[in-house]
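This report describes one protein chain for a reader who has the sequence and the structure at hand. Please look at both before reading on.

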Amino acid sequence: MNHERPPHGHDPEREEVPEYPHREIETRLITLVETQIATAIEREGPVDTDIARTIAACLYDHLPPDAQEATLRFIILGLPASQEMWSPALERIHLSDMPEALQRWACWLATYSLGATPPPGGDPLPTDGDALHAFLQTAEPSGPIDIERALDEWADRYCDSYQTLDEVLEGVTHLAEAERKISNIAEAYNLSDFVTIDRDALLEEITRDHTILEAGGRLHVFVRSESED
């Protein structure tokens, strides 16, 4: 029989719980999610299911109790990401009472969910979570917004997303083609040094009919609503 005694001063019942590197884990988590969002942007689609589940886990503590059950089912089992899971977060984005990174992630979770369950017989919904984030940040109510109505308006008014204003000009007006044709005509009449397109004036013309919003380091273009006129 082993009668060895524990080392002097050692109390098994008072063993210290190991300290986990929470800051390092958080940093790695942020890097992982942001990297996967960048990949989704590059391929012009939603985030994948694993990252959607990761985002849901990050949102869990910020959701009301009645939304946490559905969220937990999605996190653990990968069941469909129902709207009740992300609506509470989106409804309050314009109030800025949740960390901005989580606001952005919640929008990518929403576009993942909407893409996974498109409306029957309807047009595919946009998949860019940053465009949704930009749109919801402009909401004006002092309380939660009507998320169903907001999503419909977002999908109807959204045009596209771009990295720079030059890309906006090209995307909305096909500027490169116009410049090529103008350059050919100017060259034929020896006017190449005198004919240019006024990009500032062109941008001003575009913003008569469009709204340009920034989110996620990119520019998101929407058709201007009647209430903005």
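What share of the contacts in the protein chain with a separation of 6 or more comes from residues 24 or more positions apart? Such residues account for 61% of these contacts, where contact means heavy atoms within 4.5 Å.

The model is predicted, with local features needing pLDDT of at least 70 and side-chain atom pairs counting only at pLDDT 80 or more, while totals for chains, interfaces and linings use all residues. Residues are numbered from 1 along each chain as its sequence is written, and side-chain values use heavy atoms, with hydrogens and water left out.

**Overall build**

The protein chain has 10 helices and 3 strands; these are DSSP runs (helices: H or I, at least four residues; strands: E, at least two), numbered from the N terminus. Along the sequence, their pattern is α-α-α-α-α-α-α-β-α-α-α-β-β. Of its 229 residues, 32% count as buried. Buried means under 20% relative accessible area, exposed over 50%, and partly exposed in between (1.4 Å probe, protein chains only).

**The core**

A nonpolar core is a set of buried Ala, Val, Leu, Ile, Met, Phe, Trp, Tyr and Cys residues joined through side-chain atoms within 4.5 Å. The largest one has 43 residues, and L90, L109, L136 and W154 touch the most other members. Several elements each supply at least two residues of this core, including helix 1 (22-43), helix 5 (100-116) and strand 2 (210-215). Helix 5 gives the most, with 9 residues. Leaving aside residues up to four places away in sequence, L90 touches A106, C107, A110, L132, L136, I145 and I147.

**Salt bridges**

Side chains of opposite charge can pair when their charged atoms come close. A salt bridge is a side-chain nitrogen of Lys or Arg within 4 Å of a carboxyl oxygen of Asp or Glu. The structure holds 7 salt bridges, among them these:

| Pair | Closest N and O atoms |
|---|---|
| E69 and R73 | 3.3 Å |
| D130 and R218 | 3.1 Å |

E69 and R73 both lie in helix 3, 4 residues apart, about one turn of the helix. E69 counts as exposed because its relative accessible area is 56%, whereas R73, at 35% relative accessibility, counts as partly exposed. A network of salt bridges links E34, R104, D128, D130 and R218.
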